[in-house]
Amino acid sequence: MPVVMIVLFGFALSTELKNVKVGVYTPTDDIFTRKLIDRIGESEYFTIVFDAPDKEALDAAFLNNTIEVGMIFQDNFYSTISHDGRASVQILLDGTNMNIAQMAQFYLRNIIGTSVQELAQEVVMADPELSLNLPVEIKPTTSMLYNPQMKSSFNFVPGVMGMILTLVCSMMTSVSIVREKERGTMEVLLVSPVKPFLVILAKTIPYFVISALNLATTILLAIYLLQVPVSGSMLWVVMISLLYIMVSLSLGILVSTLVSTQQEAILISAMVFLMPTLLLSGMLFPIESMPVILQYVSYIIPARWYIDAMKALMIQGVSVKYCIDLVAILFAFLVAITSLSVYKYKDRL
Amino acid sequence: MMFRVEVDNIKKNYGATEALRGVSMRVSEGEIFGVIGPDGAGKTSLFRILTTLILPDGGSAKVMGKDIVADYKQIRPIVGYMPGRFSLYQDLSVEENIDFFATLFGTTLQENYSLVEEIYSQIEPFRKRKAGALSGGMKQKLALCCALIHRPQVLFLDEPTTGVDPVSRKEFWYMLRRLKEQGLAIIVSTPYMDEATLCDRIALIRGGKFLKTETPQQIIADFDHPLFAVKASSMSPLLRQIRQIPQVLSCFAFGDTHHIVLKDKGIDSLQGKELLSTELERRGFTDVHINDIAPNIEDCYMYLETLNS
């Protein structure tokens, strides 16, 4: 365990930026913008994943999270820069993750600032007939989408929701069921006409209620205390949260079918659910900066998908159709975990 | 005639450990069947197999004519089981525990009140108390009450009197005999040899095997070796020395005396006494008191254990 943590924190998890997905829109295609885009793509911080045909396509890519940073170059970028010596580029940032947004902005400005003169010279050298008044200047303007005031609470509220629900549902459920085994009451419950799986389902109901109350408190606190707006549909926020609660409850049941002491249940919940939820769900560390293998590991953490969905619905305020894939993934988790625990379930000791 | 419980050559292994090495038994209606043996002899494994909680590794068993492996769902509603460990909800009150188990079996306390009346009336004064705060004897009465709440056909009691004071033990056995009169088949395990005579039939279990299955009276009657109790001032060298006498089959410490079983069944009590006193005198014991005694179940158990080892 300590070895894993040291390695994870030392190498794998970093708050540094890596491979941030960038989408660009260039209204007029020219050699200067292309070179600049190549420069950005070459850096380890950014990967150009999308060359938008129009501004709407770029916005759409933003909405379904295929890109995290958007760059919109000015109309007639090259001719403007050659005549006036200055041109502008707009940088769109995703305010749902403040860490990434601020760092991305910083690095982008840096790259643009350092490479613009070099590029200008290169272009002039390659084609001496072109007139380019040196020095040139590119003026980036940034706009923070979804979170214009740059509040960090916007970032952590979905994360905290994911964490609380994981904690309450998975840990408390598994511990409460395993406690029956430990105390021997399970033995008596088994020797009764009640279907044992019903007993376990019944044990989860109070935790479902508690989680629903927790959810309500968290959302109310987020809205009224932290002033996080629920920009999207509240109904879907609640619906998807309830779905996630069921996923977590089923995880708790699964654990309870596998272990036989409360300590084991707590350990497994903490190590297999809580830690990965904290570290790998993208709440503290950007998933893109992780080594590929950890990115794959993060796929199997339900909280990751839930937090993504909450960010999309609460902060970005997109309609549910943009995160229907996340809902489908959560639902698949629910089905898979429930069937696994039914399969693993023994109605004997 | 149909037996309430039929067990044939049941085996159970935990890894390399053989917990049960082929046990067989029959229990009829209105019978108290005692499984007597020390801890680790396989009693709990046998009970868990018969209550369908674990699967046997060999052999077969039927409860009320239903197979414990194939028909386990039909067995569960008709047996009452009281595990060796107190297995009720400690943080619920007496009343709540009874209500809970009644609901679990789809019945109410009132419905089967006649069966549990006698037991319930003893715990009724404490019905608001938390189960965890009851005395050992009261806990067992409550557990028995909960195990009986659905009027089972067969009652399995795993060491119900372990850790219970002598008075409560006596009361508990009295209640079992009253239940038996109502036609229940009761299978009870105990490490206490003195409780054996309270059963109708007993099986002496050791190392996963039944040494003998009989009525306690018959087991005692079958003991046909001369038996003596010996006492002296220095007891432990005495035990070692007695075991070296060639005519002695076995000798065990038994409270403040040693019980000696002689090999030769034909020796009468006078001859036996004389033989032992001369042998012991020759070994330097001068203050020995020798009495011939009637065997109890523990003597029989020790004797059978010696024969089987």
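Me: Let me start where the two chains meet: how many residue pairs are in polar contact between chain A and chain B?

Reply: In this predicted model, the count between chain A and chain B is eight residue pairs in polar contact, with both residues of each pair at pLDDT 80 or more. Chain A presents two elements that each give two or more residues to the side touching chain B, namely helix H6 (153–183) and helix H7 (185–190) of chain A. Of these, H7(A) supplies the largest share of that side, with five residues.

Me: Which residues form the salt bridge across this interface?

Reply: The rule finds one salt bridge between chain A and chain B. B:Arg48 pairs with A:Glu187, and their closest N and O atoms are 3.2 Å apart, which falls inside the 4 Å cut-off because a salt bridge is counted up to that distance.

Me: How much area is buried between chain A and chain B, and what share do carbon and sulfur atoms give?

Reply: The area buried between the chains is about 2,000 Å², and carbon and sulfur atoms give 59% of that area. In terms of residues, 18 from chain A are in contact with 25 from chain B.

Me: How many residues of domain 1 of chain A are in contact with domain 2 of chain A, and how many salt bridges are counted between them?

Reply: Here 18 residues of domain 1 of chain A are in contact with 17 residues of domain 2 of chain A. The two domains of chain A bury about 1,500 Å² between them, 57% of it on carbon and sulfur atoms, yet the count of salt bridges between these domains is zero, and the rule likewise finds zero residue pairs in polar contact there, with both residues at pLDDT 80 or more. On the side of domain 1 of chain A that touches domain 2 of chain A, the largest share, three residues, comes from helix H5 (residues 98–126) of chain A.

Me: Which residues of helix H4 of chain A are buried, and what do they pack against?

Reply: In helix H4 (residues 77–84) of chain A, the buried residues are A:Phe77, A:Tyr78, A:Thr80, A:Ile81 and A:Ser82. Their packing partners in chain A are helix H2 (31–42), strand E3 (69–73), strand E4 (86–94), H5 and strand E5 (137–145). Just after H4(A), A:Gly85 takes a positive phi of about 75 degrees.

Me: How should I read the largest nonpolar core, and which residues touch the most other members?

Reply: In soluble globular proteins, nonpolar side chains tend to be buried together. In this model the largest nonpolar core has 96 residues, of which B:Met25, B:Ile98, B:Leu144, B:Phe156 and B:Leu176 touch the most other members. Helix H5 (residues 136–148) of chain B gives this core its largest share, eight residues. Apart from this core lies another, of 64 residues, including A:Leu58, A:Tyr146, A:Leu251 and A:Leu313.

Me: Which residues does B:Leu176 touch, leaving aside those up to four places away in sequence?

Reply: With that exclusion, B:Leu176 touches B:Ile32, B:Leu144, B:Leu157, B:Ile186 and B:Val188. For chain B as a whole, 50% of the 309 residues count as buried, and residues 24 or more positions apart account for 69% of the contacts with a separation of 6 or more.

Conventions
Residues are numbered from 1 along each chain as its sequence is written. Chains are lettered from A and ligands numbered from 1 in the order in which they are written. This is a predicted model: local features need pLDDT of at least 70, side-chain atom pairs count only at pLDDT 80 or more; totals for chains, interfaces and linings use all residues. Side-chain values use heavy atoms; hydrogens and water are left out. A nonpolar core is a set of buried Ala, Val, Leu, Ile, Met, Phe, Trp, Tyr and Cys residues joined through side-chain atoms within 4.5 Å. Buried means under 20% relative accessible area, exposed over 50%, partly exposed in between (1.4 Å probe, protein chains only). Helices (H or I, at least four residues) and strands (E, at least two) are DSSP runs, numbered from the N terminus. Contact means heavy atoms within 4.5 Å. Buried area is the accessible area (1.4 Å probe) that two parts lose on being put together, summed over both. A salt bridge is a side-chain nitrogen of Lys or Arg within 4 Å of a carboxyl oxygen of Asp or Glu. A polar contact is a pair of N or O atoms within 3.5 Å; within protein, one must be able to donate a hydrogen and the other to accept it, and residues adjacent in sequence count only if both atoms are side-chain atoms.
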